[in-house]
Amino acid sequence: MNTEYNQRSGFGYFFYGLELAFAPRIRRFIILPLLANLLLVGGALYYLFSHLNGWIDNWVGQLPEFLSWLSYLLWPLLALTIIATFSYFFSTLANFIAAPFNGLLAEKVEEALTGQKVNDEGIAAVLKDVPRVLAREWRKLLYVLPKVIGLFILLLIPALGQTLGPVLWFIFTAWMLAIQYCDYPFDNHKVPFNDMRNTLKQNQAKAYTFGAVVSIFTSIPILNLFVMPIAVCGATAMWVNEFKR
């Protein structure tokens, strides 16, 4: 695999991740992350689309009479917010379950791009490292939870929350998805969580655009079932080219 490539935008790294995910040396490592995503996100979205219309009609119906004209604008915004929320929650759950396999996938992508071994200790070391990897996932969850609660409370505020909330939720989701997927290659090198987060803050344009395109594809039925391994591959390419040194 060619290890020389130009710097990309955050969007570009996602689509490069698509190319990497199906490369001959990589595709066998995407099977388990893909299976976790198919089962959890697929089941969640089936339930969501069975109830989406009723939820949104009930929410919009709570607007004051003088703001009823906003319903035409709010319906698509609320639909996107609910889909993104469901997708993010169940993607997070799928990522938690698949974290050791996502870490292994990130390791193999980095090795393919650099030609250098990331872990010389084999699959036994990967299995031994599972408790630490899952603890790292809990660390990410503790970071995101207070912000999710705050945004959820905002969404419950009539008019203000229903107009401003979806926009803030999309921005927040983009940031959290960047953290979620970029963390796998950082963690493979035992970079502390706060150091990883600060590194992304110093490269916010790439982090937010990468997270935004992941968020968009996570909200699209069928396509969202394949996002996880593609995002891991794209984030690992970003690590190699932008952050590793």
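Modeller: An axis here is a line fitted to C-alpha atoms, for helices over the stretch in contact. The model is predicted. In it, helix 5 (residues 130–155) and helix 7 (residues 193–201) pack with their axes 11 Å apart, at an angle of about 55°.

Biologist: Why are helix 5 and helix 7 called oblique to each other?

Modeller: Roughly parallel needs an angle under 35 degrees, and roughly perpendicular runs from 65 to 115. The angle between helix 5 and helix 7 is about 55°. Helix 5 and helix 7 are therefore oblique. Their crossing is right-handed.

Biologist: Which residues in helix 5 and helix 7 meet?

Modeller: Helix 5 brings R136, R139, K140 and Y143. Helix 7 brings F193, N194, M196 and R197. By class, this contact of helix 5 with helix 7 has four charged, three nonpolar and one polar.

Biologist: At what angle do helix 1 and helix 9 cross?

Modeller: Roughly 110°, with the axes of helix 1 (residues 10–21) and helix 9 (residues 227–243) coming within 7 Å. The range from 65 to 115 degrees counts as roughly perpendicular, so helix 1 is roughly perpendicular to helix 9. Helix 1 passes helix 9 in a right-handed crossing.

Biologist: What makes up the contact of helix 1 with helix 9?

Modeller: From helix 1 come Y13, F14, Y16, G17, L18, L20 and A21. In helix 9 they meet V227, I230, A231, C233, G234, A237, M238, N241 and E242. Twelve residues of the contact are nonpolar, three are polar and one is charged.

Biologist: How do helix 1 and helix 8 cross?

Modeller: The axes of helix 1 and helix 8 (residues 204–218) come within 7 Å and cross at roughly 50°. That angle makes helix 1 oblique to helix 8. The crossing of helix 1 and helix 8 is right-handed. On the helix 1 side, G10, F11, Y13, F14 and F15 make the contact. On the helix 8 side stand K206, T209, F210, V213, V214 and F217. The contact of helix 1 with helix 8 has eight nonpolar, two polar and one charged residues.

Biologist: How many aromatic pairs are there?

Modeller: Ring centres must lie within 6.5 Å to pair. By this rule there are nine aromatic pairs.

Biologist: Why is the pair of F186 and W239 called edge-to-face?

Modeller: Edge-to-face needs planes over 60 degrees apart. The ring planes of F186 and W239 stand at 65°, with their centres 4.7 Å apart, so the pair is edge-to-face. F186 lies in helix 6 (residues 160–188) and W239 in helix 9, so the pair ties together parts 53 residues apart in sequence. F186 and W239 are both buried. Elsewhere, F14, F15 and F217 form one aromatic cluster.

Biologist: How do you know whether E107 is buried or exposed?

Modeller: Buried means under 20% relative accessible area. E107 has 7% relative accessibility, so E107 counts as buried. E107 lies in helix 3 (residues 71–114). Leaving aside neighbours within four places in sequence, E107 is in contact with V118, N119 and N188.

Biologist: What is the phi of K190?

Modeller: K190 has a positive phi of about 60°, although K190 is not a glycine. Most residues other than glycine have a negative phi.

Note on methods: Residues are numbered from 1 along each chain as its sequence is written. This is a predicted model: local features need pLDDT of at least 70, side-chain atom pairs count only at pLDDT 80 or more; totals for chains, interfaces and linings use all residues. Side-chain values use heavy atoms; hydrogens and water are left out. Axes are lines fitted to C-alpha atoms, for helices over the stretch in contact, and angles run from 0 to 180 degrees between N-to-C directions. Helices (H or I, at least four residues) and strands (E, at least two) are DSSP runs, numbered from the N terminus. Angles under 35 degrees count as roughly parallel, over 145 as roughly antiparallel, 65 to 115 as roughly perpendicular and the rest as oblique. A crossing is left-handed if the near helix is turned anticlockwise from the far one by less than a right angle, and right-handed if clockwise. Contact means heavy atoms within 4.5 Å. Ala, Val, Leu, Ile, Met, Phe, Trp, Tyr, Cys and Pro count as nonpolar, Asp, Glu, Lys and Arg as charged, and the others, Gly among them, as polar. Rings of Phe, Tyr and Trp (its six-membered ring) pair if their centres lie within 6.5 Å; planes under 30 degrees apart count as stacked, over 60 as edge-to-face and the rest as tilted. Buried means under 20% relative accessible area, exposed over 50%, partly exposed in between (1.4 Å probe, protein chains only).
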